[in-house]
Amino acid sequence: MSNPNPVSGSPDKEPATEAQEARSEARANPTAPAGDSERAVAATATKEPPAEPRPSLGRLFLDNLWAANTVTVTVLAVLLAMLVGAVLIIVSDPAVLATYGYITARPSDAINSSWTVVSEAYANLFKGAIFDPEASGFTAALSPISETLTYTAPLVFTGLSVALAFRGGLFNIGAQGQATIGVILAAAAGFALPLPPGVHLLVALIAGAAGGAIWGFIPGILKARTGAHEVINTIMLNYVAVYFLSWIIIQNGVQNPRRADAISKPVEASAQLPRLLGDNLRVHAGILLAVLATWFVAWLLNRSTLGFELRAVGANPDAARTAGISVTKTFVLVMVIAGVLAGLGGSNMVLGSTADALTPQVVAQIGFDGILVALLGRVKPWGVLMAALLFGALQAGGNRMQSYSGISLELVTVLQALIVIFIAAPALVKAIFQLRAARAARLQTSLAKGW
Amino acid sequence: MAVPEVAVTAVDEGFWTRTRKTGAVVLALGLLAAVLFGALATDQQARFTLSETEGGAALEINGTVGAILFGLIAAAAGAALLAGVPKRWFTLLLGVGLVGFVLSFLCWQVSAAPAGSNFMPLVNVVRNTFVLALPLIFGALAGVLCERSGVVNVAIEGQLLMGAFSGALFGSISGSVWVGLVAAAIGGAFISLLLAVFAIRYLVDQVVMGIVLNLLAVGITGFLYERLMQTDATKYNSAPRFGTWEIPLLKDIPLIGPALFRSNIFLYLGLLLVLVIHFALFRTRWGLRTRSVGEHPTAADTLGVKVLRLRYRNVIMAGLVAGVGGASYTLALFSFTKNMIGGKGFIALAALIFGRWSPTGALLAALFFGFADQLATYLGAIGSSIPSQFLAMLPYLATILAVAGLVGRVRAPAADGKPYIKG
């Protein structure tokens, strides 16, 4: 089957809500022609022609600046999250809190000390993530960016994994488990196989992808065959993967014979992703692979037959079935590809510069963070890349904030969660800042389907 | 007449009904147990003592004999299911089959343990099963309250964690267990209030919101733990603990008495809540309304039930319950540590699903998971060859099998996770 319409999928529309909108449009406007929903399902909806003459570009920009469009809401969500973060910093600092005891007598004390502690924390966040003005020398100046990109790479993969599944109408909470199985196989290939450089890396990456694919296949086939909900199964498989990891690390042949704790043999140098900017900076080729993966997923979703079928199934499985698309096959394929992506994300954690051996925490939180990244990126591939950059920057900056200002790294988790909460409820942001309704895009990230 | 009879069976998956499939699986498991466990077991007596130690009265059986005998009992139950018995026997026979399998397994393990530890102290096992199941019971009940009224609660983990944290924090500051308990309930309710507002008012996807709230709870409690509790543990993280309350008369029942009725307030509260919620859900007006809102909110609305208000109320009640569950850690057992719930919220979710969204089912599932957990500890202590990690996987694998329809069918409330828009 070839896609009859090369420009399918209106790029301005929130993809996750295509079906939702189609349905609500049909409900809100019963007089609309019945063909409307089918049009949206096939993702060929065209924009209505503007009734009045096009205003100038500058005028449009100003109009949209304070409207509830994607960029404005995202920026405001980040600001709101940082505001809440600032409150947390203040209430958790006894010295600053003490100045609030006499705020009526000397308000300047409270304000000054609050400002000092908060601004110092956020300045360190910035310096650790983007650029440190006091840094001198090539390495020191590039170090923040290098750190940011190092943290970004695996998040891009897991974010893409979750986003791709979303587009196919599936909620992949199992990116964490898929990354875990991926990291096990990638590491095993990395220390067990005697292969020449280059080939070794390739084999290790393929092994990681295969591990993720297996772990994605299980909920996919269960969903297709028995209708078992993928949310439940992927949650459960996450934990099965965690216990499997903690078991396999301590087996003979896997555990590092020179260590008593739970750590595997190190991955050989021939299987490691090359560093991009010399040995002193951690950024490695994983970020290039991540960009490549983003391009691939974008192509897959918007230009390939499979992507068309996938979006059709995601928008309306019944209509897709009627149109002759095999829904079960698509479910399985979506989960396998999502698993491959998450598995590659896991591989990044052990083949890159973050770690070179398996430990119980080797995949950190990349699977769960991937969910946030996918939502923040509005489940679009390039959006996911941007969102992963933001999260990577927060992570890198958080490390500096922790060591320089003594603000716990957990603040970054809070900020990330809050940003996504505000993103997920654009109506709230819109109400707080009295934003104008956006012209084109309707902001709604509701994907509710239930169990 | 014969013809419609045939037609009906044809629709009913032919010979291989769900009962028969289950029977075949149980039969295979039973035979496997009789042969494999019987071969691996030793001639040692396997002692199941009715106390906390080796001494005292005990149930004894020869290891090999026990492993084979219980394996055969399981196989017989499976064979009966396979032969086609009336539907009302299904649960009983399935239960006999599974218990037989577990007992056969235990006979092998206990008899094969190193000399001197061929015993299993049942009081310990029962008590620890309940202790380990306790957060799961509270968590799963929170899930029941939410999901029966149509709001998916993936945020159980966050509610438990927030409850544990605020119980520890405010219990320490005030020095009173009761203040801690109330604070814990409010802490849990805070997370579920966020869930309610965003899910009901802003129509955010409920699973998404649950996941994000879990991360938020991990972040906030972890942040404040490092900033407050680690810097001044005596002031912020030394909550008083509930003591042991002995129930007169009941505490003297053998086995059950010392295991269950010499415990702390949380166990009594948990068991009481199961009964109360079960009764309320199936015997009161509130329960009928809750279930109808969870199944068909439009119909309920037509009949004058305030759908959104009921959902708000139930979700917040769920938070209160889960918050108390979190306090069962910090106000009875341990002081607060970062991310101390460690995935128990998700096992609670599994228990909720495995228990088919009913309070008593959730209790049984939670006890089953608690037992698996306790068994892992016990087998580790007697140096068993079974890796504890695989026993730890058991709850999750059991849930996957349950959802996939291999062990009966589980079905969520029809409107679970679907936001209701009036109009």
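Student: How far apart do the C-alpha centres of domain 1 and domain 2 of chain B lie?
Tutor: In this predicted model, the C-alpha centres of domain 1 of chain B and domain 2 of chain B are 31 Å apart.

Student: Which residues belong to each of these domains of chain B?
Tutor: The domain assignment places 2-112 of chain B in domain 1 and 123-403 of chain B in domain 2.

Student: How many residues does each domain of chain B give to the contact?
Tutor: Domain 1 of chain B gives four residues, and domain 2 of chain B gives six residues. On the side of domain 1 of chain B that touches domain 2 of chain B, one residue is nonpolar, two are polar and one is charged.

Student: Let us look at A46(B). Where does A46(B) lie?
Tutor: A46(B) is part of strand 1 of chain B, which covers residues 45-49.

Student: Is A46(B) buried or exposed?
Tutor: A46(B) is buried, because 28 other C-beta atoms lie within 10 Å, and the cut-off for a buried residue is 20 or more.

Student: Which residues does A46(B) touch?
Tutor: Leaving aside residues up to four places away in sequence, A46(B) touches I61(B), G63(B), G66(B), C107(B), V110(B), S111(B) and N118(B).

Student: And what separates the C-alpha atoms of A46(B) and A28(B)?
Tutor: Those two C-alpha atoms are separated by 24 Å, while A46(B) and A28(B) are 18 residues apart along the chain.

Student: On to helices. At what angle do helix 15 and helix 16 of chain B pack?
Tutor: Helix 15 of chain B (residues 344-354) and helix 16 of chain B (residues 359-381) pack at about 130°, and their axes are 7 Å apart. Helix 15 of chain B is therefore oblique to helix 16 of chain B. The crossing of these two helices of chain B is right-handed.

Student: Which residues make that contact between helix 15 and helix 16 of chain B?
Tutor: Helix 15 of chain B contributes I347(B), A351(B), L352(B) and F354(B), and helix 16 of chain B contributes A362(B), A365(B), A366(B) and F369(B). By class, the contact of helix 15 of chain B with helix 16 of chain B has eight nonpolar residues, no polar and no charged.

Student: Now chain A. How many helices and strands are there in chain A?
Tutor: Chain A has 18 helices and zero strands. Of its 451 residues, 53% count as buried. Among contacts in chain A between residues at least 6 apart in sequence, 75% join residues at least 24 apart.

Student: What about helix 11 and helix 16 of chain A: how do they pack?
Tutor: Helix 11 of chain A (residues 286-303) and helix 16 of chain A (residues 381-405) pack at an angle of about 155°, with axes 8 Å apart. Helix 11 of chain A is therefore roughly antiparallel to helix 16 of chain A.

Student: Which residues make the contact between those two helices of chain A?
Tutor: From helix 11 of chain A come V291(A), T294(A), V297(A), A298(A) and L301(A), and from helix 16 of chain A come P381(A), W382(A), V384(A) and L385(A). In the contact of helix 11 of chain A with helix 16 of chain A, eight residues are nonpolar, one is polar and none is charged.

Student: Finally, how many residues does the contact take from chain B and from chain A?
Tutor: The contact takes 44 residues from chain B and 43 residues from chain A. The largest share of the side of chain B that touches chain A is supplied by helix 8 of chain B, with 17 residues. That side of chain B has 31 nonpolar, eight polar and five charged residues.

Key
Residues are numbered from 1 along each chain as its sequence is written. Chains are lettered from A and ligands numbered from 1 in the order in which they are written. This is a predicted model: local features need pLDDT of at least 70, side-chain atom pairs count only at pLDDT 80 or more; totals for chains, interfaces and linings use all residues. Axes are lines fitted to C-alpha atoms, for helices over the stretch in contact, and angles run from 0 to 180 degrees between N-to-C directions. Helices (H or I, at least four residues) and strands (E, at least two) are DSSP runs, numbered from the N terminus. Angles under 35 degrees count as roughly parallel, over 145 as roughly antiparallel, 65 to 115 as roughly perpendicular and the rest as oblique. A crossing is left-handed if the near helix is turned anticlockwise from the far one by less than a right angle, and right-handed if clockwise. Two residues are in contact if their C-beta atoms, placed from the backbone, lie within 7 Å. Ala, Val, Leu, Ile, Met, Phe, Trp, Tyr, Cys and Pro count as nonpolar, Asp, Glu, Lys and Arg as charged, and the others, Gly among them, as polar. Domain bounds come from an automatic or database domain assignment. A residue is buried if 20 or more other C-beta atoms lie within 10 Å of its own, exposed if 12 or fewer, and partly exposed in between; C-beta atoms are placed from the backbone.
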